[in-house]
Amino acid sequence: MRQYLKMICFAFTLLYGLQIPAFVDSYKQTLDARLSQAKTDFVGFQQSADVHFNGDIHKLIQYYQQHQDILVTESAANIQAIYQAITQLEQQQQILNAGQIAAALHVATQYQSEIWLQTVKHYNYQIQFSPQVIIWGITSALLSTLLLDALLGLLFLIVGFKQRKSDRQTI
């Protein structure tokens with residue numbers, strides 16, 4: 001039974017591991033699309049900051065916040081939100097470009113973000129074999145199987161120890 005459980009674990013995590021590079025790539029594409037859209041939305045504000053405030057977007061936002069017209073004041077929050085979104089998306093982009101493991105770990109921790117949910121919604125579960133994909137699949141499968149084997153070994157050791165201890169007490 002233990003061997004079958006390890007084979008099932010190996011097969012499942014192999015298939016899961018084969019998906020990691022493609023999912024990370026899909027996440028990157030979704031992030032890039034969002035960043036491109038945010039930059040497009042922001043370009044007019046940056047142009048105004050360039051003309052009137054020597055490119056300082058913070059001075060433009062401050063100007064809008066101090067304006068007496070409530071519509072202009074409310075626009076300051078929108079400009080700041082777009083600017084912050086661009087900053088956060090660019091930070092994520094840097095992390096995703098830092099390396100495969102850093103990118104995979106980052107994507108794994110973003111499971112509640114809008115970008116992650118959108119990626120899952122549009123992700124196509126096809127395996128595209130490449131050396132990188134095969135390495136991810138085999139590594140994931142081996143690590144999970146070793147972890148399962150260690151946990152099962154520990155469980156059987158504890159159960160066996162308790163059983164031997166109870167057998168000694170009955171004698």
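**Helix packing and salt bridges**

The crossing of helices α2 and α3 is left-handed, meaning that the near helix is turned anticlockwise from the far one by less than a right angle. The model is a predicted one, in which local features need pLDDT of at least 70 and side-chain atom pairs count only at pLDDT 80 or more, while totals for chains, interfaces and linings use all residues. Residues are numbered from 1 along each chain as its sequence is written, and side-chain values use heavy atoms, with hydrogens and water left out.

Helices are DSSP runs (H or I, at least four residues) numbered from the N terminus. The axes of α2 (residues 57-66) and α3 (residues 70-96) come within 7 Å and cross at roughly 155°; axes are lines fitted to C-alpha atoms over the stretch in contact, with angles from 0 to 180 degrees between N-to-C directions. The two helices are therefore roughly antiparallel, a term applied to angles over 145 degrees. Contact (heavy atoms within 4.5 Å) involves I57, H58, I61, Y64 and Q65 of α2 and V72, T73, S75, A76, I79, Q80 and Y83 of α3.

Two salt bridges are present, each defined by a side-chain nitrogen of Lys or Arg within 4 Å of a carboxyl oxygen of Asp or Glu. R34 pairs with E114, the closest N and O atoms being 3.4 Å apart. R34 lies in helix α1 (residues 2-52) and E114 in helix α5 (residues 114-122), 80 residues apart. In the other, K39 pairs with E90 at 3.3 Å between the closest N and O atoms. K39 belongs to α1 and E90 to α3, so this pair ties together parts 51 residues apart in sequence.

Methods. Angles under 35 degrees count as roughly parallel, over 145 as roughly antiparallel, 65 to 115 as roughly perpendicular and the rest as oblique.
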